[in-house]
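Please examine the sequence and the three-dimensional structure shown below before reading the report.

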Amino acid sequence: MNFGSVRVAFHPIVKTWSARGRILFSRKYLLYTNVGIAVTLSTTGDFLNQRFQIKKKEIDSLDILRSRDVAITGLFIGPFCHYWYLFLDWWIPGRCYRLLAKKVIVDQLVCSPVVIGLFLGITTLLEKKSLTAVKEECFEKSGKLYVAELAVWPPAQLFNFYFLPTHYRVLFDNAISFLFDIYFSRVKYGKNGRVES
C-alpha cells in the first residue's frame, strides 16, 4: 500500500478539521466550545449509564428528563470550568513543579467540590426538590464522588497543567470526565435509575 497516496487523499480532510479546530478553540469561540463539550459529554455519559442499566434490567427504558437534567448541569459546569482554568493560570502562572503542585492542590480543594456541588445541586433542584433536599443530597453523595475524584484527578491535572495550553484544558478535562460522568450518574441515580432516598 502506498501511504503517500493515502496522505494526499486525507490531506484536505485534515486541513479542514484543523482549520475548524483553530476556530472552535480560538478566544472568540472557546467559551461556546467548552460549554458544548461539557453538555455533550455529560449527557452521553448519562445515556451510556442508562443503556447499561437497561441491559442489566435495573431500569425499563431511557429517562429523557434525567438526561435533560444532566445536560443542564453541563450548561453550568462548562462555563465554570472555562473561567476556572483562565483564573487559575492567571493566579498561578508557570509550569515548574512547585507551581504545578500548588495548582493541583487548589484545583482539588476548590474546583472539584464546586463541580460536585453543581451537579448534585442542579439535578436535585430540577427534580423540584427543596433546598433542604439539595443539602441532604450533597451531604450524602458528595463524599463518595470526591474520594473517587482524588484517585483520578491529581495525576490527570498534572498532565493537563504541564503539557496543555489553557484553551485545551476544558477539552482534556471533559475527555477524562467522560467516564466520570457515567460514575456521577450512577452515584446520583443509583441502580434503579431513580434518585436513591
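Predicted model: local features only at pLDDT ≥ 70, side-chain atom pairs only at ≥ 80, totals over all residues.

## Annotated spans and helix α3

In an unreviewed entry, UniProt lists residues 70–92 and 104–126 under "transmembrane region". In the model, residues 70–92 are 96% helix and 0% strand, with end C-alpha atoms 31 Å apart. Residues 104–126 are 100% helix and 0% strand, and their end C-alpha atoms also lie 31 Å apart.

Helix α3 covers residues 64–91; its 28 residues should span 40 Å at 1.5 Å a residue, and the 40 Å between its end C-alpha atoms agrees with this. At the start of α3, a side-chain oxygen of D63 comes to within 3.2 Å of the backbone nitrogen of L65.

## Salt bridges

The structure holds nine salt bridges. One of them joins the side chains of D46 and R66, at 2.8 Å from N to O. This pair links helix α2 (D46) with helix α3 (R66), 20 residues apart. D46 is buried at 0% relative accessibility, and R66 is buried at 2%.

Helix α6 takes part through R186 and K188. R186 meets E58 at 2.7 Å, N to O; E58 lies in the loop between α2 and α3, so the pair ties together parts 128 residues apart in sequence. K188 pairs with E127, their closest N and O atoms being 3.4 Å apart. Because E127 lies in the loop between α4 and α5, this bridge ties together parts 61 residues apart in sequence. Salt bridges with shared partners join E127, K129, E137, K141 and K188 into one network.

## Nonpolar surface patch

F47, L48, L62 and I64 make a nonpolar surface patch of about 350 Å². F47 lies in helix α2 and counts as partly exposed, at 36% relative accessibility.

Technical notes:
Residues numbered from 1 in each chain as written. Heavy atoms only, no water. Patch = residues over 30% accessible without salt bridge, like charges linked within 9 Å, V, L, I, M, F, W, Y side chains within 5 Å. Areas by Shrake-Rupley, 256 points an atom, 1.4 Å probe, with all protein chains shown as cover. Salt bridge = Lys/Arg side-chain N within 4 Å of Asp/Glu carboxyl O. Helix = DSSP H or I, 4+ residues; strand = E, 2+ residues; numbered from the N terminus. Buried < 20%, exposed > 50% of the residue type's maximum accessible area, 1.4 Å probe, protein only. UniProt positions renumbered as here; feature names shortened; annotations may be inferred. Expected span 1.5 Å × (residues − 1). Polar contact = N/O pair within 3.5 Å; in protein donor to acceptor, adjacent residues only side chain to side chain.
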